[in-house]
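Biologist: Please put the model on screen. I will ask about charges and rings, and I want the reasoning with each answer.

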Amino acid sequence: MTVPAPDPREVREASLDELSRLRLPLPPAQFPLVWEPGDQIELRPTVEIEARIAVLHLILARCFGMPPQSAMSWLLASHLVDMVTPPEFQFVTGGRGDHRSFVLHHDALFALAWVLGLTKQLDPTLPVDERLVERMPQIPDGENFGQWRARILTAPQHPADAAALLDLHYCLDWAYLETERSGRTPPGLVDANAIGQRRWALEWAVILRGPYHDEPPGWEEVDLST
């Protein structure tokens, strides 16, 4: 569902109000808007987001000891091999890559679960919902991707709500990094890495359409440099 994007300045004002409430530093006045007036927004197809959640969940299972042969068997049974990025494939099959960076994807998965309504909150001060694992594919029990999709009840967020949360995390990402640089303590139980991962997921899941937007990026192509 493609809908008109909300007023970016009103959304930004709400994001800055939230930063102020959390007593976080505010980005500079020239900090870019995420979209422009007149742009359109939509979410990626639900099945594509579900597939990304399942792949990230499998990668986390590999991080915590799942054998590579079992991981590949699950991907094949779930018909998800094509949804795995090259760095992820190298990690799944041979353990190559930055193990710590893959563990951090726990927060990206959490944000994608929020996009699909599998968790009710994405509070920047709170860690991942411990009950989230119950809503993930039960890989040790042999539940494949298709069976998991049939079990869960997704209720995707409205694109405007997801875009507003993207703008908030765009600002939070800057504020948390600035907080760490200045040696201050963040306001809750998560750090800049977690906020960055949640922003990564939202940047990927929310598609922006307009004259200044490129085609939606692949998972590894999401740009978090600004």
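**Charges and rings**

Modeller: The structure holds 14 salt bridges, a salt bridge being a side-chain nitrogen of Lys or Arg within 4 Å of a carboxyl oxygen of Asp or Glu. This is a predicted model, in which local features need pLDDT of at least 70, side-chain atom pairs count only at pLDDT 80 or more, and totals for chains, interfaces and linings use all residues. Residues are numbered from 1 along each chain as its sequence is written, and side-chain values use heavy atoms, with hydrogens and water left out.

Biologist: How far apart are the closest N and O atoms of Arg44 and Glu48?

Modeller: Arg44 is buried at a relative accessible area of 9%, where buried means under 20%, exposed over 50% and partly exposed in between (1.4 Å probe, protein chains only). Glu48 is partly exposed at 26%. The two form a salt bridge, and their closest N and O atoms are separated by 3.0 Å.

Biologist: Is Glu143 buried or exposed?

Modeller: Glu143 meets the side chain of Arg151 in a salt bridge of 2.7 Å, N to O. Arg151 has 38% relative accessibility and therefore counts as partly exposed. Glu143 has 11%, so the class is buried.

Biologist: Which helix holds both Glu203 and Arg199?

Modeller: Their side chains meet in a salt bridge at 2.9 Å, N to O. Glu203 is buried, with a relative accessible area of 18%, and Arg199 is buried, with 1%. They lie four residues apart, about one turn of the helix, and that helix is α8.

Biologist: How many aromatic pairs does a search of the whole structure find?

Modeller: Rings of Phe, Tyr and Trp (its six-membered ring) pair if their centres lie within 6.5 Å. Planes under 30 degrees apart count as stacked, over 60 as edge-to-face and the rest as tilted. On that basis the number of aromatic pairs is six.

Biologist: What kind of pair do Trp204 and Trp219 make?

Modeller: Trp204 is in helix α8 (residues 192–205) and Trp219 in the segment after β3 (206–209), 15 residues apart, so the pair links distant parts of the chain. Helices (H or I, at least four residues) and strands (E, at least two) are DSSP runs, numbered from the N terminus. Both Trp204 and Trp219 are buried. Their ring centres are 5.6 Å apart and their planes at 80 degrees, so the pair is edge-to-face.
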